[in-house]
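Welcome! Please take a look at the sequence and the structure below, and then we can walk through some parts of the fold together.

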Amino acid sequence: MGKKDPSKLVGFRPMLLWDKKVPDTQLEKFKKLIEQKFNLHLDSYWDFHKWSIENYGKFWEEIWNYFGMIVSKPYKEAVVKTGDGFLDYDWFSGAEFNLAENLLRIRDDRIALICLDETGYEETITYAEVFEEAKLYAAAFRKHGLKKGDTVACHMSNRKEAVYAMLATTSIGAIWGGPQPYFGARVASNIVARMEPKFLITVDHHQDNGVDFNILENLPIIVDNCPTLEKVIIIPSKEETVTNGISHIRNGIFLGEFLESGRNPDGSVPDIVFEQLPFSHPAFLNFTSGTTGLPKGLVHSAGMLIPEFENIAFDYHLKSGDVVFNWCPVGWSVWDCFTPCLALGITVLLYCGSPYWIRDGINMWDLIAKYKAGYCFFVPSMLDKLEKLQIVPSPNSNLENLKVVLIGGSPVKVQNFTFVRNKVGKDIFVAILYGATETFGCFTGVDLNLPLYAGEAQVPALGMDIRVVDENGRSLIGEKGEIIFAAPCPSFPVYLWKDVDHTIMKETYLSKCPDAWCQHDEGWINPETRGLIVLGRSDDTLIQNGDRFAAADVYFAIHGMEEIMDYICVNQSRNDGECRAVLFVKLKPGYIFSPELREKIALTIDRELWEDCVPQVILEVPDIPYNVNNKRLEGVVRKIVATNQIPQVNNITNPECLKYFCDIPELLSYKV
C-alpha cells in the first residue's frame with residue numbers, strides 16, 4: 001500500500017487527539033469494585049480488559065449485579081457451556097425477568113424523552129408519562145390478541161410512539177422490529193412480510209431534510225404483501241389523513257381508537273403485566289443493511305441490556321440526568337441501543353429529521369447545545385457532509401455539556417476528528433466506535449484517562465476479545481488481517497430470523513475461524529499504541545498494480561479538496577485477473593471537472609498515499625449512492641462497473657443516481 005499507509009509503518013504513532021485525566025469516571029469506579037471484590041491490582045485499562053476476557057463469566061455477572069437487574073427469579077449460574085459452538089452458551093440460566101420492566105424502573109417526574117422535528121415541534125415527556133403510555137399501549141395490544149412470541153413491526157420516523165409501542169411489545173414478550181422510514185413500498189413490504197407480524201404501527205407522513213415521506217401512500221402495498229397482519233395502527237400527523245380516512249387500508253385503525261379499546265369499561269387502564277422470561281427470550285429483530293438481495297434478520301434477546309448498560313455508563317460516559325442525542329429511527333439497531341438509557345435515568349432526545357436541516361437559522365449543533373446533550377453518535381459520511389456544507393454551531397450556542405462524540409458505521413477519517421475538535425469543541429472526547437447490527441453492545445470502548453490517537457479505535461470494549469488474524473487464524477500485530485472476536489459474550493444474536501438449524505448463521509459468521517465470530521471486516525492493530533484501525537469490509541479491498549489498499553485511504557487523501565463534495569472508489573477486474581481502482585467524484589456547485597482538476601486529484605492522492613494508489617480512472621458523477629444508514633454503496637457501484645447493469649437494491653436513499661454509473665466508455669473498454 002502507500003507510503004502513508006500505517007500498516008507498513010512499524011511503531012507508527014498517529015496524531016494525538018486526547019491525553020487528559022478525568023476523575024471519578026464510572027469506569028474507574030467499577031474497576032475499583034472489581035479490584036476489591038477479587039483482591040486484584042489492575043494497573044491499567046489493559047489489565048482490566050485482560051481480566052474481563054479471561055474471566056468472562058465473572059465479568060458479565062458483575063455487570064448484571066452492578067446495574068441492578070430486576071428479576072422475579074435469580075440466576076443459578078452466570079454462564080453455562082451447552083455445546084461445541086462459539087455461541088453455545090446459556091447466559092444467566094434460571095433467571096426470569098422482563099426487558100420493559102427494567103427499562104421502566106424509573107416512574108417519577110424527571111424528563112425521560114425530548115422530542116423534536118424539522119417543523120419546530122418540541123415536547124418533553126416525563127418518566128411517569130412514559131410508564132402510563134406504555135401501560136395503555138400494552139393494554140390495547142393485549143386486548144387485540146398480542147401474545148408472547150408474536151412480532152410487532154414498526155415503520156415510522158424517530159417518534160415517541162415508537163418508544164411506547166416497543167415497551168408495550170416487550171412487556172408482553174413479543175418481538176419488536178421493522179424497516180426504516182425512508183424505505184419505499186417494495187423494500188418495506190419485503191421486510192414487514194418476512195417478520196410475519198400480527199401488528200404494524202406506522203405514521204402517515206414524516207419530513208426529512210425538507211422532503212415529505214408519504215408512508216400512508218405505501219401502506220396498501222405493504223399490507224397486501226403481509227397476510228399475517230391483524231391490525232395496522234396509523235398515527236395521523238396531517239388533518240387530511242383523518243379527513244380522507246383509512247378505509248382503503250386492510251385492518252387499519254387510527255392510534256387513538258386503538259388505544260381507547262384497551263381501557264376498562266369505566267375508562268381506567270388495566271395494570272401492565274410484565275411477562276417473566278429467560279435471558280435468551282427474543283426481543284429485538286434488526287435487519288442488516290442488505291444493499292443487495294435480502295438482508296439478514298438478527299434476533300437479540302432481552303439480555304441485550306447487559307452489554308448496553310456497560311457501553312452507556314463506561315464508554316459513552318453517561319449518568320443519570322445527562323442527555324443523549326439520537327437521530328436514528330427504528331430499523332437501525334442504534335435506536336434500540338439507546339433505549340436502555342431510560343433505565344439509567346438518562347434523557348433521550350429523539351430528533352426526527354436530517355442532521356443537515358436548518359430552520360430559522362438553527363442547525364443540529366444548536367439543538368444539541370440548547371438541550372445540553374452530553375453524547376452524540378455520528379457516521380463518518382454525516383460529518384463529511386456537515387463539514388462540506390459548513391454546518392457548524394452558531395456563535396451563541398454553548399456546547400460545554402457535549403463531552404463525548406463517537407463516530408462509527410464505516411472507516412473513520414482523521415478529518416472527521418479534526419472537524420469536530422476545531423469547529424464544535426476542542427475539549428470534546430472524539431473517538432471511533434466499532435460495532436455492527438450483529439451485536440448489541442460495541443466491539444470497542446473508550447477510556448477517558450488513556451491517550452487517544454486519530455483514526456484508531458482506542459481500546460477493545462471490556463469483555464470483547466478482539467483479534468486480527470491471517471488466513472490461517474494466526475494472530476497479527478502490525479499487519480493487516482481479518483477481525484474476529486474470540487471470547488463468549490451476551491452481545492451476539494440468539495439466532496437469525498427464519499434460519500432453520502442455524503445454517504446461515506454458521507456459514508456467515510462461524511465457519512471462517514473455529515471458536516470465534518468473524519465480522520468480515522479488515523483491520524490492523526497498531527503495535528505502538530495498541531489501537532485498532534478498521535479498514536473496511538474484507539471483500540471491498542482495492543487492488544491495482546499488484547498493490548492492495550482500501551477505498552478509505554483514497555477518501556482520506558482527497559477529503560480536504562475544496563472542489564469535491566463527495567466520492568466513491570471501487571475495484572474493476574478483467575477476465576485475465578488484472579484489476580484497477582475507479583474513483584467517482586461529485587463536485588461542489590460552481591466547479592468543472594477539467595483535465596487540470598483530474599490531474600490535481602491524482603497528484604493529491606500521490607502525495608498523501610503513493611503513486612500506485614492513484615486510481616487509473618477518475619470520473620465525475622452527479623451524485624453518490626448511499627443506503628439509509630448513511631453508508632456509501634461501494635458494493636452496488638462495483639457490481640454496476642462489472643456488469644454495466646443496475647442490480648436489485650433494497651436499501652438506498654437515492655436510487656435514481658445509479659444510472660450515472662452505466663454505459664461509461666472508459667469502463668466498458670476495460671477488457672482482455
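## A seven-stranded sheet

Let's begin with an open sheet of seven strands, which follow the order E7-E6-E18-E17-E19-E20-E21 with mixed pairing. Two strands pair if DSSP finds at least two bridges between them. Strand E7 (122-126) and strand E21 (429-432) stand at the edges with a single partner strand each, so one side of each has no neighbour in the sheet. From one strand to the next, the twist averages 20°; axes are lines fitted to C-alpha atoms, for helices over the stretch in contact, and angles run from 0 to 180 degrees between N-to-C directions.

Before going further, please note that this is a predicted model, where local features need pLDDT of at least 70 and side-chain atom pairs count only at pLDDT 80 or more, while totals for chains, interfaces and linings use all residues. Residues are numbered from 1 along each chain as its sequence is written, and side-chain values use heavy atoms, leaving out hydrogens and water.

## Strand partners and helices

Within this sheet, strand E19 (residues 375-378) pairs with strand E20 (residues 404-407) in the parallel sense, over four bridges. Phenylalanine 378 has isoleucine 407 of E20 opposite. Helix H15 (residues 414-424) packs on the sheet, where H15 touches E20 and E21 and makes about 165° with the direction of E21. Contact means heavy atoms within 4.5 Å.

Helix H6 (residues 160-172) lies across strand E6 (111-117), E7 and strand E18 (347-352), and runs at about 140° to E6.

Which residues touch the most other members of the largest nonpolar core? Among its 193 residues, they are Leu113, Phe141, Trp176, Trp365, Ile368, Tyr375 and Phe378. A nonpolar core is a set of buried Ala, Val, Leu, Ile, Met, Phe, Trp, Tyr and Cys residues joined through side-chain atoms within 4.5 Å; buried means under 20% relative accessible area, exposed over 50%, and partly exposed in between, using a 1.4 Å probe and protein chains only. Helix H5 (residues 127-143) gives the most to this core, namely nine residues.

Leaving aside residues up to four places away in sequence, phenylalanine 141 touches Leu146, Val152, Ala165, Ala168, Thr169, Ile172, Phe199, Ile233 and Phe258. There is also a second, separate core of 44 residues, and Tyr567, Cys569, Ile605 and Val649 are among them.

## A three-stranded sheet

Another open sheet has three strands in the order E32-E33-E34, again with mixed pairing. Its edge strands, strand E32 (564-573) and strand E34 (617-620), each pair on one side only. Strand E33 (residues 579-587) pairs with E34 in the parallel sense over four bridges, and phenylalanine 584 stands opposite leucine 619 in E34.

Helix H17 (residues 551-558) packs on this sheet, touching E32 and E33, and its direction makes about 150° with that of E32. Helix H19 (residues 634-643) lies across E32 and E33 too, running at about 55° to E32.

## Cysteines without bonds

How many disulfides does a search of the whole structure find? The search finds zero; a disulfide is a pair of cysteine sulfur atoms within 2.5 Å. The sulfur of cysteine 115 is 9.3 Å from its closest cysteine sulfur, in cysteine 352, which is too far for a bond. Cysteine 115 counts as buried, at 4% relative accessibility.

For cysteine 489, the closest cysteine sulfur is in cysteine 442, and 11 Å between the sulfurs is too far for a bond. Cysteine 489 is buried as well, with a relative accessible area of 6%.

Note on methods. Helix = DSSP H or I, 4+ residues; strand = E, 2+ residues; numbered from the N terminus.
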